[in-house]
Amino acid sequence: MANLFLLQLLNGAQFGILLFLVAAGLTLVFGIMDFINLAHGVLYMLGAYLMAMFALSTGSFWLGLALALGATLVVGLVLEWLVFRRLYDRPHLDQVLATFALMMILSEGVKILWGSAPLNVAMPELLSGSVPLAGPLRYPVYRIAIIVAGLATALGLWAMITRTRVGMLLRAGASNRPMVAALGTDISKFFMLVFALGAMLAGFAGALVSPVLSVDPGMGDQILILTFVVIVIGGVGSVKGAFAGALLVGITDTVGRIFGPIWLKMVMDPAAAAQAGRVLAPMLIYLLMAAILSWRPNGLFGRSTR
Amino acid sequence: MMKSTMTALALGATALAPLSALAEPVKVGVLMTLSGPPAVLGEHARDGALLALKTLGGTLGGQEAEFIIADAEGKPDIAAQKARRLVESDGAAFVIGPIFSNVMAAIAGPVTEGGAFLMSPNAGPSVFAGEGCNPDIFVVSYQNDQPDQVMGEYANSAGYGSVVLIAPNYQAGMDHLGGFKRTYEGTVTTELLTQLGQLDYSAELAQIAAFQPDAVYAFLPGGMGVNFVKQYAQAGLSGIPMMSSFTTDETTLPAMQDAALGMFSSGSWAPDLDAPGNAEFVEAFVAEYGRVPASYAAYAYDAVMLMDAAIAEAGTEDRDALRDALKTVDFPTVRGKFAFGQNQFPVQDFYLTEVVQREDGAYATSAKELVVADYVDAYAGACAAE
């Protein structure tokens with residue numbers, strides 16, 4: 001039982017890290033630019049589709065990954081220039097409407113280009129297979145790779161935000177945007193950079209999971225809701241918060257799903273425990289969100305003055 | 001609104017059949033879910049129907065035919081409106097559709113009360129199989145419970161003493177697991193009920209690894225199945241046999257590829273089923289649409305072939321005669337043999353199918369062995385039609 005618990009903890013952390021990669025971009029855009037981007041999930045989907053296309057055409061996972069990253073960066077820049085920069089000064093409702101429309105347009109576009117059937121991305125030989133943990137339990141190498149890649153990204157973002165000039169601007173922009181502009185920073189160029197970075201992070205997440213998950217036109221919608229839960233828990237605009245929130249959501253969801261019913265059985269009869277467990281499992285992360293918000297209304301790392 | 005009209009012009013048909021040239025073409029509504037994530041299922045069924053029409057030279061029973069395609073959007077209310085429009089405004093005498101059982105419940109009334117026949121290429125819900133059977137509804141596919149019951153039978157004969165079940169926690173998931181449990185006699189180790197649209201199955205896979213059952217039975221349609229099957233292989237569980245329904249078929253295999261090889265499911269048709277005309281159908285489908293047909297395509301193809309044979313026998317003027325012909329006529333089915341039971345659901349053979357890689361590199365299901373012959377669904381007895 002202890003082994004299983006540790007394994008689920010690892011699974012939860014891995015799922016959380018995946019959520020972090022998508023959430024990091026969203027929280028930057030939302031926190032710094034005060035911009036609600038419902039199309040963020042679609043960028044994640046686009047990353048996976050571009051990965052599928054490039055991996056197939058080049059025959060190499062690594063080349064495909066590099067090309068997909070570059071392509072999502074370009075897509076992010078183009079979308080910012082075409083659509084998003086016209087929406088920064090609009091009220092949130094307009095942003096929601098416009099980005100929701102963009103979400104549908106891109107989803108349909110993906111279907112026209114690649115068809116509605118799910119696609120396959122082959123796993124690189126180097127990262128396939130599984131390693132034994134304890135007894136019959138094994139852990140896939142690729143999931144370890146996802147954890148490593150996610151942690152490296154988190155570390156890179158942390159270094160960028162705390163140690164570089166761009167990071168300083170990011171932090172300044174998150175706390176007081178007009179002041180940053182008044183001090184002579186070209187805010188439109190800066191926003192473009194933030195947005196493209198967010199898009200690339202989402203695309204990277206999509207490309208990274210494409211060998212483990214189904215690459216289909218619905219994949220962006222599924223992750224978007226979870227991502228919003230993550231950034232609300234972590235505090236809007238805080239990358240640190242996104243990391244903590246993502247891990248919390250990933251672990252609560254994974255561990256709670258399996259151990260919830262087992263723990264419930266200790267206090268109630270088995271049939272009722274199984275029933276209650278099933279009802280509670282999909283609600284767990286929302287209960288977590290409600291609990292955290294009642295304790296800290298701005299999220300774990302949110303600023304109290306907004 | 002997605003709606004396109006495909007008028008089939010049979011060149012020279014007027015010269016060959018001067019009498020039918022004066023008649024209105026037979027209008028057929030094709031109502032499938034063609035948008036949203038499950039669109040690929042509807043596309044297979046639509047393409048199967050269109051391929052049949054093309055094979056027949058654009059005619060049904062010698063009469064010129066017009067297929068009108070509409071998107072059910074997976075939404076019962078919208079599908080009902082479109083069904084009404086197809087039957088009442090466009091004058092469709094037949095509606096081929098739908099894919100989903102909840103859509104079927106919504107369009108059955110508008111189609112049959114409007115005076116058209118409903119031909120289902122997939123959905124076969126129990127409500128229309130028993131007391132609620134309707135003489136104007138012909139289910140050309142199977143009754144929904146059957147594929148699961150067949151897998152239960154197979155698990156018995158394969159000697160699997162313990163099985164872990166997994167399905168999403170919603171009505172259809174419960175129904176499919178219920179179908180399996182109705183015939184399976186071994187021990188159900190545990191039932192894993194997951195969230196609809198779940199991405200990550202690592203928690204469930206770890207439990208399966210810990211239980212080490214003789215086999216796993218899954219109902220995880222669409223993207224959920226792709227996620228599960230890929231992660232199943234990566235978690236090193238390939239040693240535990242995986243049986244499923246609506247999880248590993250030609251709509252999802254292109255995304256699963258090697259991860260699904262050797263997994264089992266059941267069906268009354270497979271692309272390599274040894275039946276007259278089946279190889280030609282599959283070859284023509286691959287040539288036309290660039291993918292291996294799934295059962296949705298085969299059943300829609302059969303539905304059109306059935307309509308063709310029935311119209312050739314009884315014409316379209318006398319609706320009662322046409323209904324009788326639909327029920328009893330012999331038609332060239334890609335399943336080898338076909339007969340309707342008293343509830344207009346098929347009585348047919350079911351096979352164990354296994355995922356294989358074809359010679360052209362594509363992945364498909366392959367009929368391995370006959371599991372149950374002339375299978376009658378559990379509800380037919382309660383149907384008092386006749």
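## Overall architecture of chain A

Chain A holds 12 helices and two strands, where helices (H or I, at least four residues) and strands (E, at least two) are DSSP runs numbered from the N terminus. This is a predicted model, in which local features need pLDDT of at least 70 and side-chain atom pairs count only at pLDDT 80 or more, while totals for chains, interfaces and linings use all residues. Residues are numbered from 1 along each chain as its sequence is written, and chains are lettered from A and ligands numbered from 1 in the order in which they are written.

Along the sequence, the elements of chain A follow the order α-α-α-α-β-β-α-α-α-α-α-α-α-α. The radius of gyration of chain A, taken over C-alpha atoms, is 20 Å, close to the 19 Å that the globule rule (2.2 Å times the number of residues to the power 0.38) gives for 306 residues, so chain A is as compact as a globular protein of that length. The C-alpha trace of chain A spans about 65 × 50 × 35 Å along its principal axes. Of the 306 residues in chain A, 49% are buried; a residue is buried if 20 or more other C-beta atoms lie within 10 Å of its own, exposed if 12 or fewer, and partly exposed in between, with C-beta atoms placed from the backbone. Among contacts in chain A between residues at least 6 apart in sequence, 76% join residues at least 24 apart, a contact being a pair of residues whose C-beta atoms, placed from the backbone, lie within 7 Å.

## Helix packing in chain A

The axes of helix H2 (residues 40-58) and helix H3 (residues 61-82) of chain A come within 8 Å and cross at roughly 140°; axes are lines fitted to C-alpha atoms, for helices over the stretch in contact, and angles run from 0 to 180 degrees between N-to-C directions. H2(A) and H3(A) are therefore oblique to each other, given that angles under 35 degrees count as roughly parallel, over 145 as roughly antiparallel, 65 to 115 as roughly perpendicular and the rest as oblique. The residues that make this contact include A:Leu43, A:Gly47 and A:Phe54 of H2(A) and A:Phe61, A:Gly64 and A:Val75 of H3(A). By class, the contact of H2(A) with H3(A) has 13 nonpolar, five polar and no charged residues, where Ala, Val, Leu, Ile, Met, Phe, Trp, Tyr, Cys and Pro count as nonpolar, Asp, Glu, Lys and Arg as charged, and the others, Gly among them, as polar.

H9(A) packs on helix H12 (residues 284-295) of chain A at an angle of about 25°, with the axes 9 Å apart, and that makes H9(A) roughly parallel to H12(A). Here A:Val229, A:Val232 and A:Ile233 of H9(A) meet A:Ile285, A:Leu288, A:Met289 and A:Ile292 of H12(A), a contact with seven nonpolar, no polar and no charged residues.

## The contact between chains A and B

The contact takes 30 residues from chain A and 31 residues from chain B. On the side of chain A that touches chain B, the elements giving two or more residues are helix H1 (2-33), strand E2 (137-140), helix H9 (219-234) and helix H10 (239-267), and the largest share, five residues, comes from H1(A). That side of chain A has 17 nonpolar, nine polar and four charged residues.

## Backbone features of chain B

A cis peptide bond, with omega about -10°, joins B:Gly97 and B:Pro98, and B:Pro98 lies in the loop between strand E5 (94-96) and helix H5 (101-113) of chain B.

B:Glu73, although not a glycine, has a positive phi of about 60°; B:Glu73 is placed in the loop between strand E4 (63-71) and helix H4 (76-89) of chain B and is buried, with 20 other C-beta atoms within 10 Å.

Technical notes
Contact = placed C-beta atoms within 7 Å.
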